[in-house]
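Please look through the sequence and the model shown below before reading on.

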Amino acid sequence: MAATLEQNQDRFLSELLDWLRIPSVSADPKFHGDVLRAAEFLKARFEEVGLDNVELCPTAGNPIVYGEKIIDPSLPTVLVYGHYDVQPADPYELWTSPPFEPVIKDGKIYARGACDDKGQVYMHVKALEVMNQEGGLPCNIKIMIEGEEEIGSSNLGIFVRANKEKLAADVILISDTGMLANDVPSIEVGLRGLSYHEVEVTGPNRDLHSGLYGGAVPNPINVLCKMIASLHDEDNHITIPAFYDNVAVLSSEERAELNRVPHSDDEFKQSIGLKDIYGEKDYTTVERIGIRPTLDVNGIWGGYTGEGAKTVIASKAFAKISMRLVPNQTSEEITALFQKHFESIAPAGVTVVVKPHHGGEPVVTPTDSVAYKAAADAMETTFGKRPIPTRGGGSIPIVAMFKSELGLDTVLLGFGLDSDAIHSPNEHYGVFNFLKGIETIPHFYRNYAAAMK
């Protein structure tokens, strides 16, 4: 397998760069044609590697790219999930190279979507090609890649519920996560959920002259800032009533095990240019990221933000606010709590509207399953070290949906790194990681097929 990969790695990389050149930004309607082009590109690659029943499955939004290879119905079936849409690249001026003109520098592929998730999806496509060149597949494979993950996957659940027989499998395999380091392999076994909102604060019925009206009317921007500031106390606990009521509390033994993960606060600070760490009192950095809920402002705007000065009191102010959730919390519960609380703390003189966006549920996946062991053994084979199970701070809402709708657990076999700058300018993905993924994935299939006999 290593020889086949080495012989083809330049072509594999070239194909990935071609795909990364397509700006498949699902959040911005002006890129809709490019999103469809990215789907067509992937469909063609599915066909080239020999998948059957390849199709663009229509949804109310962007299509789902689907293909399968059923070599023997009596063998186990793995359903691979990923996404071909990417985050907006803004602000473009902070990129050191254009986000949709991929370049390889210092062993890293720089482009929007390089790691999240095009680079990791493409590992699976090329792993299938490698296996086909070396004797074929050891089990059945279905692969489903959507185009709306970055905007909440609103149509994926509808598609899954309508196609349960089509998607019937024994386990889900996803590479949309990361590992601790290139020399410290790991597998994420927990993900946080999500509750996302946009809030609008309205004061006067129009923008006002700050000299004629300042001090006599509520300024929506000032009000919004005070409301947001009140959402945390001095210990960085979230102040929404009942917010923590259902939070799963780990034992001291479980917390000690979690903190065995190699971590340095000094290196963490240095990597992102911080002078000091920050977070909820009485929890470590590892715990704050992996097992505690959070509330963060993702964007805030209002008033005049152009060049020069304009002395104005804005009529409206806006913010986008998200909460990461942990086991036993639900997005429905937290969405209702946030909306009620945020509206209740608005002072007289302003009107507050809370607009819930998408949400997702937290999950913890088993570490004693056949599939997890197959993945751990695969990483041990290619990295030479046993991977460490970790709790991830991010959210993949569809993991909980797959469990509830298809009854399937998920293995999160990701190869990204925290330093890959996903969702940020200068996103990148290591060439080592891309190739190591292609090398490792076939071992997972072989291990899983052998264990399921």
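Helix α13, which runs over residues 431-451, has 21 residues and spans 31 Å from its first C-alpha to its last, close to the 30 Å expected at 1.5 Å a residue, where the expected span is 1.5 Å times one less than the number of residues. Helices here are DSSP runs of H or I with at least four residues and strands are runs of E with at least two, numbered from the N terminus. This is a predicted model, in which local features need pLDDT of at least 70 and side-chain atom pairs count only at pLDDT 80 or more, whereas totals for chains, interfaces and linings use all residues. Residues are numbered from 1 along each chain as its sequence is written, and side-chain values use heavy atoms, with hydrogens and water left out.

Helix α13 is mostly covered, with 15 of its 21 residues buried; buried means under 20% relative accessible area, exposed means over 50%, and partly exposed lies in between, using a 1.4 Å probe and protein chains only.

For the protein as a whole, the secondary structure comes to 13 helices and 18 strands. The C-alpha atoms fill a box of roughly 80 × 50 × 45 Å, taken along the principal axes. A compact globule of 453 residues would have a radius of gyration near 22 Å, and the 23 Å of the protein agrees with this; the radius is taken over C-alpha atoms, and the globule rule is 2.2 Å times the number of residues to the power 0.38. Of the 453 residues, 52% count as buried. Among contacts with a separation of 6 or more, 78% come from residues 24 or more positions apart, contact meaning heavy atoms within 4.5 Å.

Several local features of the backbone deserve a separate look. Most residues other than glycine have a negative phi, and most peptide bonds are trans. The peptide bond from D90 to P91 is cis, with omega near -5°, and P91 is found in the loop between β3 (77-83) and β4 (103-105). The bond from D116 to D117 is also cis, with omega near 0°, and D117 lies in the loop between β5 (108-110) and α3 (118-133). N53, in strand β1 (residues 52-57), has a positive phi near 50° and is partly exposed, with a relative accessible area of 49%. H423 has a positive phi near 70°; this residue lies in the loop between β17 (410-412) and β18 (428-430) and is partly exposed, at 42% relative accessible area.

Finally, P23 lies in the loop between α1 (2-20) and α2 (32-48), and is buried, with a relative accessible area of 11%. Leaving aside neighbours within four places in sequence, P23 is in contact with F31, D34, R37 and F100. P23 and E343 are 320 residues apart in sequence and 38 Å apart in space, C-alpha to C-alpha.
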